[in-house]
Amino acid sequence: MNDHWWSKRLKYEGVVSPISKDMDKCMNPNYKPFDPSAAYAEVIELPHIKDFLGPIIEFQIFKALCKICGEYKSKHAKTKHLYECNLRGYKKVGKIIKSVMASGSSTEWKFLFETIVGHRRVEIDPLLEYFQPLHNHLLKTNQETNEHIGWK
């Protein structure tokens with residue numbers, strides 16, 4: 001199973017094990033190969049969709065809070081980027097988060113999400129918008145240095 005895990009990591013991510021099995025055996029006489037299927041989340045069949053959606057929702061909430069505080073306006077995105085938004089010191093943000101968190105698990109997350117964002121749609125745009133300046137910089141730098149992205 002471990003060999004299969006690392007072969008998939010190499011194929012899809014270009015990553016190899018940081019230590020060989022032989023080296024691991026030398027360092028640890030009680031060597032047992034890492035078995036990803038023995039991870040707690042796998043054993044209890046915990047859904048991994050939260051790991052995928054979490055960052056997307058996080059950036060969507062961040063953008064909504066920036067708009068609420070007046071720190072960010074989409075029409076001025078050329079002069080002040082989303083990544084420049086600073087929510088520190090805004091009591092309004094604290095009140096919004098406190099009111100949403102006060103519900104606990106008694107309220108479905110979609111309703112709480114709608115309270116902050118204004119709708120229930122999960123959108124990738126805020127995440128892409130946040131990192132757009134970095135993406136543009138990396139494209140330009142890779143073009144200038146003739147770097148190749150991906151596997152050849």
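Trainee: Which residues form a nonpolar patch on the surface?

Mentor: Phe131, Leu134 and Leu138 form it, with about 260 Å² of accessible area together. This is a predicted model, where local features need pLDDT of at least 70 and side-chain atom pairs count only at pLDDT 80 or more, while totals for chains, interfaces and linings use all residues. Residues are numbered from 1 along each chain as its sequence is written, and side-chain values use heavy atoms, with hydrogens and water left out.

Trainee: What makes a patch?

Mentor: Its residues have over 30% relative accessible area and no salt bridge. Nonpolar side chains (Val, Leu, Ile, Met, Phe, Trp, Tyr) are joined within 5 Å, like charges within 9 Å. A salt bridge is a side-chain nitrogen of Lys or Arg within 4 Å of a carboxyl oxygen of Asp or Glu. Areas come from the Shrake-Rupley method with a 1.4 Å probe, and for residues only the protein chains shown count as cover.

Trainee: Why is Leu134 called partly exposed?

Mentor: Its relative accessible area is 44%. Buried means under 20%, exposed over 50%, partly exposed in between. So Leu134 is partly exposed. Leu134 sits in helix H7 (residues 125-145).

Trainee: Why is Lys63 called buried?

Mentor: Lys63 has a relative accessible area of 13%, so it falls under the 20% limit. Lys63 lies in helix H4. Leaving out residues up to four places away in sequence, Lys63 touches Tyr72, Ser74, Leu82, Pro126 and Glu129. Contact means heavy atoms within 4.5 Å.

Trainee: Why does Asn146 count as exposed?

Mentor: Asn146 has 68% relative accessibility, over the 50% limit, and therefore counts as exposed. Asn146 is in the segment after H7. Asn146 also has a positive phi of about 55°, although it is not a glycine.

Trainee: At what angle do helix H4 and helix H6 pack?

Mentor: H4 (residues 49-69) and H6 (residues 109-117) pack at about 35°, their axes 9 Å apart. The H4 side includes Ile57 and Gln60, and the H6 side includes Trp109 and Phe113. By class, this contact has nine nonpolar, one polar and no charged residues. Ala, Val, Leu, Ile, Met, Phe, Trp, Tyr, Cys and Pro count as nonpolar, Asp, Glu, Lys and Arg as charged, the others, Gly among them, as polar. Axes are lines fitted to C-alpha atoms, for helices over the stretch in contact, and angles run from 0 to 180 degrees between N-to-C directions.

Trainee: How many helices and strands does the chain have?

Mentor: Seven helices and zero strands. Helices (H or I, at least four residues) and strands (E, at least two) are DSSP runs, numbered from the N terminus. Of the 152 residues in the chain, 19% are buried.

Terms used. Buried < 20%, exposed > 50% of the residue type's maximum accessible area, 1.4 Å probe, protein only.
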